[in-house]
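Here is a brief report on a structure that may be new to you. Start with the view below, then read on.

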Amino acid sequence: SFQVPFTVLQGEGVEYLGHANDAVIAISNYRLHIKFKDSVINVPLRMMESVECRDMFQLHIICKDSKVIRYLCHFSTFKQCQEWLKRLTRAIARPAKPEDLFAFAYHAWCLGVCVDEEDQHAHLCRPGDHVRFRFEMELVRMGFDLQNVWRVSDINNNYKLCSSYPQKLLVPVWITDKELENVASFRSWKRIPVVVYRHARNGAVIARCSQPEISWWGWRNADDEYLVTSIAKACALNPGVKVPGGMLQNGSSDGSEACDTDFDSSLTACSGVENAGTPQKLLILDARSYTAAVANRAKGGGCECEEYYPNCEVVFMGMANIHSIRNSFQYLRAVCSQVPDPSNWLSALESTKWLQHLSVMLKAAVLVSSAVDREGRPVLVHCSDGWDRTPQIVALAKILLDPYYRTMEGFQVLVESDWLDFGHKFGDRCGHQEKVEDQNEQCPVFLQWLDAVHQLLKQFPCLFEFNEAFLVKLVQHTYSCLYGTFLGNSPCEREMHNIYKRTCSVWSLLRAGNKNFHNLLYMPGSEQVLHPVCHVRALHVWTAVYLPASSPHPLGQDDMDIYLPSGSQSQEFSGRSLDRLPKTRSMDDLLSACDSSSPLTRTSSDPNLNNHCQEVRVGLEPWHTSPEG
């Protein structure tokens with residue numbers, strides 16, 4: 001008899017427990033845990049993409065976040081290895097129903113051990129009013145004129161128009177619901193053009209949608225053309241206006257602010273229909289290549305024709321589809337998991353095209369950001385369906401434009417609004433959707449976007465409130481299914497299964513008060529628009545995600561805490577984590593060294609200069625002695 005070698009979570013139950021040659025192995029309803037003599041392996045089941053038997057006696061696991069765990073443990077017989085392989089294969093199979101995912105059991109047991117269920121639910125499930133009331137708060141924050149220019153349409157109440165869209169949609173005030181219905185019949189999956197962001201200083205907006213259903217017949221839709229051009233007209237009616245001090249602020253509807261003739265009239269025109277400037281040329285950014293867009297006409301899709309959309313310009317970005325991104329990620333995972341380290345590392349990395357794909361995504365976001373900020377032009381973004389490449393571009397552009405989205409609170413709002421509310425298919429893309437065996441729907445779209453955010457964090461280390469650990473944790477919990485935030489394919493689906501009330505929110509862990517995720521270099525108050533370098537040579541492999549040690553972790557340095565909720569770990573850096581920080585070789589206890597009467601000296605690489613340095617050092621702050629020079 002032997003004990004379970006780890007502390008179980010609320011709702012977690014160990015289903016299999018046994019011995020391998022050199023380890024204790026356990027499978028629960030949440031994780032695989034293997035304890036060796038001096039190390040451990042801990043992996044959530046939903047993080048695993050596949051498991052197989054290698055060399056007859058060993059297990060080999062491939063994870064969805066790119067980790068590859070090879071030579072897992074050595075079994076004494078082939079039969080024993082096959083038995084554990086079958087158990088693990090059953091454990092990681094697609095769920096038959098959403099309730100089979102661990103997030104539901106975890107939440108239910110957390111409530112069960114709490115005296116006040118309502119308070120506990122609020123702590124675990126409700127990340128804060130900034131997320132709960134994000135739509136209303138964002139409208140106010142961005143300064144939309146909801147009296148004269150824009151309106152919130154309820155046409156999608158109860159998701160009756162489009163199941164993958166939020167229930168409240170922002171459109172120009174003169175566009176009727178009847179016209180929106182007609183537009184929906186012309187857009188793929190009824191994902192109509194709606195506004196999601198407004199530049200407070202010049203009034204330019206970002207809108208998103210899916211492709212128009214042109215088909216080979218070259219269909220047109222007058223209401224669709226009217227809606228798209230109306231978005232540009234609405235921007236001219238609700239511009240930013242110049243106030244003393246030179247800053248552009250939100251326009252008011254009474255037209256009382258004076259126009260400044262030093263600026264283009266379309267950027268600083270007075271509010272009101274009679275004073276509105278000429279609308280800026282709207283940029284329609286198609287994430288696909290022109291070839292792919294035209295090829296989609298064979299399937300009933302297509303792209304806008306500039307001839308039919310007056311005062312609009314169509315630009316194609318050439319971003320790869322999910323199948324190419326999935327292949328690229330698989331190549332990246334294979335290259336990063338090679339043992340030993342390949343001698344042709346750089347050429348192998350280049351052949352995966354992962355950094356090239358990131359570069360194109362960043363370029364698309366910069367194009368949107370520049371059009372909005374520098375040219376004051378409204379932008380409409382779409383790909384084919386509008387739920388993969390479109391949120392990548394839109395959400396990245398909003399980070400570039402708006403410092404609010406670089407805070408922990410704003411980033412939560414961004415993910416909820418642009419990814420969850422607008423129907424990114426997390427269930428299919430992450431591979432935890434029930435009763436779906438089509439592997440072609442899996443793709444690390446959200447992970448790729450988080451990688452792009454990581455690139456921005458590298459280039460602008462002082463302009464993000466959160467640190468890299470925040471992003472790494474988000475990658476892990478995208479797949480772990482410990483939280484319910486990323487379950488399901490659409491807001492309609494999450495509401496149908498009542499996921500919001502029956503699971504915990506990942507933001508209860510990644511909240512602004514958790515100092516483990518706070519960037520110590522952050523300088524709040526900066527209004528800077530980011531202009532990143534998008535060249536492949538400026539991008540970095542995300543080593544914290546793609547190149548972690550795939551071997552077992554030493555005991556005492558178990559990184560299972562990356563998968564645990566906030567209650568399972570200290571909100572401050574623990575003494576253990578401080579002990580892991582590297583110490584200088586020359587002085588183990590710097591504090592006692594400073595108290596010592598003996599002076600600290602710094603040796604020079606030139607021994608002839610050492611005495612001179614000692615003489616002129618009088619009155620200076622002591623330096624740290626280093627035998628390495």
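Is Leu17 buried or exposed, or partly exposed? Leu17 is partly exposed, with a relative accessible area of 32%. Buried means under 20% relative accessible area, exposed over 50%, and partly exposed in between (1.4 Å probe, protein chains only).

## About the model

This is a predicted model: local features need pLDDT of at least 70, side-chain atom pairs count only at pLDDT 80 or more, and totals for chains, interfaces and linings use all residues. Residues are numbered from 1 along each chain as its sequence is written, and side-chain values use heavy atoms, without hydrogens and water.

## Salt bridges

The structure holds 27 salt bridges. Each is a side-chain nitrogen of Lys or Arg within 4 Å of a carboxyl oxygen of Asp or Glu.

One of them joins Arg151 and Asp177, at 2.7 Å from N to O. Arg151 lies in strand β8 (residues 150–153) and Asp177 in helix α6 (residues 177–184), so the pair ties together parts 26 residues apart in sequence. Helices (H or I, at least four residues) and strands (E, at least two) are DSSP runs, numbered from the N terminus. Arg151 counts as buried at 19% relative accessibility. Asp177 is partly exposed at 29%.

## Another pair and a network

Arg220 pairs with Glu225 in a salt bridge, their closest N and O atoms 3.0 Å apart. Arg220 is partly exposed at 48% relative accessibility. Glu225 is buried at 10%.

A network of salt bridges links Asp388, Lys425, Asp428, Arg429 and Glu441.
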